[in-house]
Amino acid sequence: MATVKVTDESFEADVLKASQPVLVDFWAEWCGPCKQIGPALEQIADELQGQVTIAKVNIDDSPMVPSKLGVKGIPTLMLFKDGQMASMKVGAMPKGKIVEWLAESGITSASSATA
């Protein structure tokens, strides 16, 4: 499963009412670091399919949600669980760090989960 495009209009349904955790990437076309982490997020979306949804919000196309959530810099990654923001990271990170952060939040691939 690839990343999911989310807009101001679909944010509530796609993120806040999602049945599983959602990692939201707030990004923009003109943002170099945002483009750097894009491929890593696509890979994580495939590797953690069924564990977490990776959503992308283009802040230029959908400025209301990032403004409401206080996004100041991009890329900003926010992890939502049960309609609430559980964790947030600002700035580009290598794939390993993103996976590590998700693991700290209890999201691991089925193959590495011990439960």
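This is a predicted model: local features need pLDDT of at least 70, side-chain atom pairs count only at pLDDT 80 or more; totals for chains, interfaces and linings use all residues.

Trainee: Which residues of helix H4 are buried?

Mentor: Helix H4 spans residues 95-104, and its buried residues are Ile98, Trp101 and Leu102. They lie on the same side of H4 because they cover an arc of only 100° around the axis. After H4 comes Gly106, with a positive phi near 90°.

Trainee: How do I read a nonpolar core?

Mentor: In soluble globular proteins, nonpolar side chains tend to be buried together. Here the largest nonpolar core has 17 residues, and Phe11, Val15, Val24, Phe26 and Ile74 have the most contacts inside it. Two or more residues each come from helix H1 (11-16), strand E2 (22-27), strand E3 (53-58) and strand E4 (76-81). E2 gives the largest share, 4 residues. Another core, of 15 residues, lies apart from it and includes Leu77, Ile98, Trp101 and Ile107.

Trainee: What does Val24 touch, leaving out residues up to four places away in sequence?

Mentor: Val24 touches Phe11, Val15, Ala55, Val57, Thr76, Leu77, Met78 and Phe80.

Trainee: And the largest pocket: which residues line it?

Mentor: Read its volume, then its lining. The largest pocket holds about 160 Å³ of space. Its lining is made of Asp8, Phe11, Glu12, Leu16, Met64, Val65, Lys68, Leu69, Phe80 and Gly83. H1 and helix H3 (64-68) each supply at least two of the lining residues. By class, the lining has 6 nonpolar, 1 polar and 3 charged residues.

Definitions and conventions
Residues are numbered from 1 along each chain as its sequence is written. Side-chain values use heavy atoms; hydrogens and water are left out. A nonpolar core is a set of buried Ala, Val, Leu, Ile, Met, Phe, Trp, Tyr and Cys residues joined through side-chain atoms within 4.5 Å. Buried means under 20% relative accessible area, exposed over 50%, partly exposed in between (1.4 Å probe, protein chains only). Contact means heavy atoms within 4.5 Å. On a 1 Å grid over the protein atoms alone, a cavity is a set of points where a 1.4 Å probe fits but cannot get out, and a pocket is an open set with protein on both sides within 12 Å along at least five of seven lines; lining residues have an atom within 4 Å of a point. Grid points are joined across faces, edges and corners, and a volume is the space filled by probe spheres set on the points. Ala, Val, Leu, Ile, Met, Phe, Trp, Tyr, Cys and Pro count as nonpolar, Asp, Glu, Lys and Arg as charged, and the others, Gly among them, as polar. The arc is that of the directions from the helix axis to the C-beta atoms.
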